[in-house]
Amino acid sequence: MIPTLYQICFEQNQIPQVKSPMVAFDNTSNERPELREYHSFKKIIDNQYATELYGVFGPRAEEKLRYSGKEIYDEIVSNPGKEFYLFNHARIQSVVFLNVWEQGEYFHPGIKKIMRYVLDKNGYDYTVIDSIMTEKQMCFCSYFVATKKAWIEYMQFVDDIKSTLSALPDE
């Protein structure tokens, strides 16, 4: 499968700056800025832009990853047949923290307690919060390319979590 690498453009001046093999994804209307990339993920799936293998990257992805879109594309093409390709921009975090939840707790105290509740409420294994993760398992941004099937499953998970979080009391 040939990957489609979308680069989200939040401003008109970003569109002509997108370099091949990245494909500009026009989100200049940005109806839900508080949802960050989530809104673009939903638009791609809901509006049938999803290809069989794709990723959705923010405008600063190459800068954060220190990989060009071409390097990402070449890595995927030279390693075909996977359902999920992860590009971790924060590899040093795996040395500092046991997992993504520990890192989250450091910067957002209380997040582990909330996520234990939310995962359990949705029938997901909340013990993952205490597992040890390697740099190949940690992801701090949406820097991945996956099959359409994996994206749909991922977004169902995100929608479950988002819905439960939205229903929590303010405190």
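Buried means under 20% relative accessible area, and exposed means over 50%. The model used here is predicted.

**Exercise 1.** Which residues of helix α7 are buried, and what covers them?

*Solution.* 
Step 1. Locate the helix: α7 spans residues 148-166.
Step 2. Apply the cut-off. The buried residues of α7 are A150, W151, M155, V158, I161 and T164.
Step 3. Look at what packs over them. The cover includes α1, β3 (53-57), α6 and β5.

**Exercise 2.** What does α7 reach from its first C-alpha to its last, and what span is expected?

*Solution.* 
Step 1. Helix α7 has 19 residues.
Step 2. At 1.5 Å a residue, 27 Å is expected.
Step 3. The helix reaches 26 Å, close to that expected value.

**Exercise 3.** Is H39 buried or exposed? Which residues does H39 contact beyond its neighbours within four places in sequence?

*Solution.* 
Step 1. The relative accessible area of H39 is 14%, so H39 is buried, the cut-off being under 20%.
Step 2. With those sequence neighbours set aside, H39 contacts N27, E31 and R32.

**Exercise 4.** Where is S131 found, and which backbone oxygen lies 2.8 Å from a polar atom of its side chain?

*Solution.* 
Step 1. S131 sits in the loop between α6 (111-121) and β5 (144-147).
Step 2. Its relative accessibility is 25%, so S131 counts as partly exposed.
Step 3. The oxygen in question belongs to V128.
Step 4. Beyond neighbours within four places in sequence, S131 contacts L98 and N99.
Step 5. Now take Y73, 58 residues from S131 along the chain: their C-alpha atoms are separated by 31 Å.

Conventions:
Residues numbered from 1 in each chain as written. Predicted model: local features only at pLDDT ≥ 70, side-chain atom pairs only at ≥ 80, totals over all residues. Heavy atoms only, no water. Buried < 20%, exposed > 50% of the residue type's maximum accessible area, 1.4 Å probe, protein only. Contact = heavy atoms within 4.5 Å. Helix = DSSP H or I, 4+ residues; strand = E, 2+ residues; numbered from the N terminus. Polar contact = N/O pair within 3.5 Å; in protein donor to acceptor, adjacent residues only side chain to side chain. Expected span 1.5 Å × (residues − 1).
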